[in-house]
Amino acid sequence: MAATDERDVVLREFFLGFVRLHVLYHAGHAPVCGVGLMAEMAHHGYRLTPGTLYPLLHRLERAGFLTHQDRNVGGRRRRYYSRTERGAAVLAEAARRLPELVGEVLGGARAGSVGEHPATGAGARIP
Ligand SMILES: [Zn+2]
């Protein structure tokens with residue numbers, strides 16, 4: 001069904017944005033590896049496959065937000081990612097916008113005020 005597919009695509013885009021923010025957040029506290037990140041995301045209720053996570057990490061690294069270091073862990077090579085200054089700056093920019101979004105989405109849902117926002121009709125209200 002097309003409508004269901006579109007819903008899944010949009011939800012997936014939201015989800016991937018949340019995952020990127022999580023990765024940038026955690027990689028700023030200690031180097032993180034894919035296996036550790038999948039466990040961390042599972043803890044938050046996100047089921048993430050390597051096929052989704054690794055391309056996401058590579059993309060963040062290509063953008064200059066992460067850097068990696070390979071380590072040998074029990075005979076296995078593991079790639080550990082750390083946040084760069086650029087990654088810290090982009091996370092700070094996203095974090096700066098989060099409270100407003102969260103306040104509006106959650107506050108709006110609670111107050112049932114959808115439609116009162118200037119962007120959703122208040123400016124067009126007929127007197
Ligand atoms: Zn987390």
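What follows is a set of questions on this predicted model, with the reasoning for each answer.

Visitor: What makes up the protein, in helices and strands?
Guide: The protein has 4 helices and 3 strands. Along the sequence they follow the pattern α-β-α-α-β-β-α.

Visitor: Why is Tyr-81 called buried?
Guide: A residue is buried if 20 or more other C-beta atoms lie within 10 Å of its own. Tyr-81 has 25 C-beta neighbours inside 10 Å, so Tyr-81 counts as buried. Buried residues make up 11% of the 127 residues in the protein.

Visitor: Where does Tyr-81 lie, and what is it in contact with?
Guide: Tyr-81 lies in strand S3. Leaving aside neighbours within four places in sequence, Tyr-81 is in contact with Ala-27, Pro-31, Val-32, Leu-57, Glu-61, Leu-66 and His-68.

Visitor: What makes a set of residues a nonpolar core, and which residues form the largest one here?
Guide: The members must be buried residues of nonpolar kinds such as Ala, Val, Leu or Tyr, joined through C-beta atoms within 7 Å. The largest such core has 12 residues: Val-23, Leu-24, Ala-27, Val-32, Leu-37, Met-41, Leu-48, Leu-57, Leu-60, Phe-65, Leu-66 and Tyr-81. Two or more residues come from each of helix H1 (2-27), helix H2 (34-43) and helix H3 (50-62). H1 gives the most, with 3 residues. In soluble globular proteins, nonpolar side chains tend to be buried together.

Visitor: Which residues does Ala-27 touch?
Guide: Not counting residues up to four places away in sequence, Ala-27 touches Val-32, Leu-66, Tyr-81, Ser-82, Arg-83 and Gly-87.

Visitor: How do you know that S1 and S3 pair?
Guide: Two strands pair if there are at least two bridges between them. Strand S1 (residues 32-33) and strand S3 (residues 76-83) have 2 bridges, in the antiparallel sense, so they meet that cut-off. Val-32 has Tyr-81 as its bridge partner in S3. The C-alpha atoms of Val-32 and Tyr-81 are separated by 5.2 Å, although the two residues are 49 residues apart along the chain.

Visitor: How do you know that S2 and S3 pair?
Guide: At least two bridges are needed, and strand S2 (residues 66-73) and S3 have 8 bridges, again in the antiparallel sense. Leu-66 stands opposite Arg-83 in S3, and Asn-72 stands opposite Arg-77. S2 and S3 form a hairpin with 2 residues between them. In the turn, Gly-74 has a positive phi of about 55°.

Visitor: Why are S1 and S2 called edge strands?
Guide: The open sheet of 3 strands has the order S1-S3-S2. S1 and S2 each pair on one side only, and they are the edge strands.

Visitor: Which helix packs on the sheet, and at what angle to S2?
Guide: H3 packs on the sheet, touching S2 and S3. The direction of H3 makes about 130° with that of S2.

How values were computed:
Residues numbered from 1 in each chain as written. Predicted model: local features only at pLDDT ≥ 70, side-chain atom pairs only at ≥ 80, totals over all residues. Contact = placed C-beta atoms within 7 Å. Axes fitted to C-alpha atoms, helices over the stretch in contact; angles between N-to-C directions.
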